[in-house]
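Open the model in your viewer and get ready to select residues by number. This tour visits aromatic rings and their neighbours.

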Amino acid sequence: MFCRIFKITKARIVHANQKQKSTLYELKDLEDPIPWKKADGLILINEKASTYDLLDRKNVELLLKNTISKYSVAHSTVVGLIGEWGAGKTTLLNLVKKDLKKEDFVFANQDFDVWLFGSQEALIKGLYDFILNGLGIRYNSIVNDKFLESIAHVVAGIPKAGNLLSSLLTDRSYKDVMTLKEKLSKYIQSSNKHYVICIENLDRASDKQVILLLKLISTVFDLPNVTYVLLYSESRMNQILKENNDINQSYLDKVVNFEVKMPLEFNRKKCIVWLRNVLLSYGVSQQDLKQYDFVLNFIAYDLKDIRDLKRIINSVFSFMIISDTLRLNLPQLLAIQYIYYSNSELYEEIKTHQEMFVFEDTYGPYSKKELNDEENKYFTNLDKKYSNYVSLLMNLFPKFKKHNSCIMNYNETENSLKNVSISTQRYFKAYFYLTENSYVDINYRVRHFVEDINSGKDINLVWSNFLDKRDHQSEDLLTELYLFLKVDDIPSYQDRATLSEVLFNSLVDKNNQLTLDNLQITYIIGKLIGEVDEDQFLKFENMICHHYEALEIVRLITELLEETWGGISKNLSRNRHEMSKIYDKMRKEIFDKKINLFQDKYYSWRNATGMYDYFNENNIPASKYLNKIASKDNVYRILFDCIIIGYNGKGKETYRFDMNNLRKYIDFDNVPRLKETLNGISENNTNNTDRKKVQEVLLIAAQQEKSNQSEKSKLTTHYDDNPISPNKL
């Protein structure tokens, strides 16, 4: 199949318009779908800490509030708010601040960010300025610099245990620091206020910065009526203390008076609601939303924290802005985009091993899908290495699912092709390069055809628009349409029957020539009419039952219904039986009425072959029929139906007669008209070149029979430039 690549240019992906400005939303805005149109740009969630709680952490919030409320009139109190980066520590603290400010607690205008200070000197100056500003104290910059130098000297001399030894008491710097500390303490006590100083980003600060900060708040800035709230990750803090020789691991316990730990779990069901509303906002219909459940559930339960959720919405979901122009399977594209975001190594593993992840694009009762030893071994290793992703991969790749569960639906490949799935050979690469090949275009056209059928449009017009005679993709369109013929695809029995009639009439109008396209149309009719109710089937029967020129088409439809695989519905069971009766009735009428199937009115190549089966089934000599209808005008058509047509290495038609078949099926020896043709008695000097070719093929067969040649050694005749045209016989 000719494959065109329709590339989705970079300009179409995510940042479709550089001038477009996206609105920053809060998570709370996703309690319901956001009114959104494409011109609004991406749906982006503010990644900064929130001032609201949507995750039902009221108990933790109350605990933190009560802990901060406790303070000492002699020393500072240190509260550790513990949680991994992104767990929502700042959001929770903001909620507590909001409540405590109403109770006359004094908070600095902003939190102290350790990460902003590069050197230890800058950190000391920054914290000193921050505390004085927080207390509302104005200070002289010259005196300030003098105290800063003294603080630096004192802190540098603090031993690992954190106690000030008597050796430092004579140091001038120490006296300056103690003077400062005493003045600050008196000022704070006289204000009769409780000051809260929040320090964040300890997770991202260097080891030396964190240790210096702990020393400062436990010594120099150990002040009455002051509560320090430290936000940090327990694992990061333990790593700092373990790897640093300047301080021992028990020191943190002496500095931090109270610990409040963020809950390890959060409301993941609520996260699913938010993710679903992102999709609804981007235009996914409520009906289609269920298709995304497998990936939304996986994302929600794979989340590290709420910040991770925000980033996923802002990055992984961003392609949804062009979802109206993407013609891939969007839930699967979302899944593969998430794998790229969360585990780029697994993404590359899938991308570079297509042969492992997809079966061949074949389907049907004889298309068995099995894994070989190499594939099983590969997936076993993949299970171990990426165990967290097993459920997601099973939803994406039936081959991987079969390895893990040994179960695979008989129509899995058929459904995968229909749904433009990543698990197929024809669509796999499109998910990694965001390109569209001609298969995507064909699938899209077929989907629109089915939508038009279901929408109540004129089916004759819809069909004529769908299959333009000039369309070089007609064969592929019909092959694809075969995937969309289940009752779920076209549920109306009336529409199924009407479309069957339209297709049947289109074949009759084409003189019933069974080209590949027409053969596919015949199979489509069988698939449609097999699943209609009794009334609609009767309507179809009345329409076709006297179309003797379409006997071969009726035979093929009957054969298809008999060979239908999978579950058998009540309608299909009844209709296959009725179709067989129609076919038998038509053949009986043809024989009884001696209808000449070789007349122009009824003739097409092999249209009469079903009659020979009828004669054989009912022990009727074919000569009884042929002697009634055979004439010099149709004898070559009768003979041509018995020619075996093949193809040589050049793709040209080859011809030969099997004399045994001639006798068996058409009772050749008892039909004088046929024997006369062989003996050259009649039409020997015909000017019809196609008839001459039939004579030549027949004579060669007769000569080979006389010489007792074996079947394998029999030669074929071919006419490369001008094959035999049956309608000219």
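A residue is buried if its relative accessible area is under 20%, exposed if over 50%, and partly exposed in between (1.4 Å probe, protein chains only). This is a predicted model, so local features need pLDDT of at least 70, side-chain atom pairs count only at pLDDT 80 or more, and totals for chains, interfaces and linings use all residues. Residues are numbered from 1 along each chain as its sequence is written, and side-chain values use heavy atoms, with hydrogens and water left out.

**Ring pairs**

Rings of Phe, Tyr and Trp (its six-membered ring) pair if their centres lie within 6.5 Å; planes under 30 degrees apart are stacked, over 60 edge-to-face, and the rest tilted. The count is 25 aromatic pairs.

Select Phe449 and Trp463. This pair is edge-to-face, with 6.1 Å between centres and 65° between planes. Phe449 sits in helix α20 (residues 438-454) and Trp463 in helix α21 (residues 459-466), 14 residues apart. Helices are DSSP runs (H or I, at least four residues), numbered from the N terminus. Phe449 is buried at 3%. Trp463 is buried too, at 8%.

Next, select Tyr614 and Phe615. They pair edge-to-face, 6.1 Å centre to centre and 65° between planes. Tyr614 is buried, with a relative accessible area of 9%. Phe615 is buried at 1%.

**A cluster**

Now select Phe357, Tyr378, Phe379, Phe397 and Phe400: they form one aromatic cluster.

**Charges over rings**

A charge sits over a ring if NZ of Lys or CZ of Arg is within 6 Å of the ring centre and within 35 degrees of the ring normal. Select Lys399: it lies over the face of Phe359, 5.4 Å from the ring centre. Finish at Lys418, over the face of Phe484 at 5.6 Å from the ring centre.

Technical notes. Helix = DSSP H or I, 4+ residues; strand = E, 2+ residues; numbered from the N terminus.
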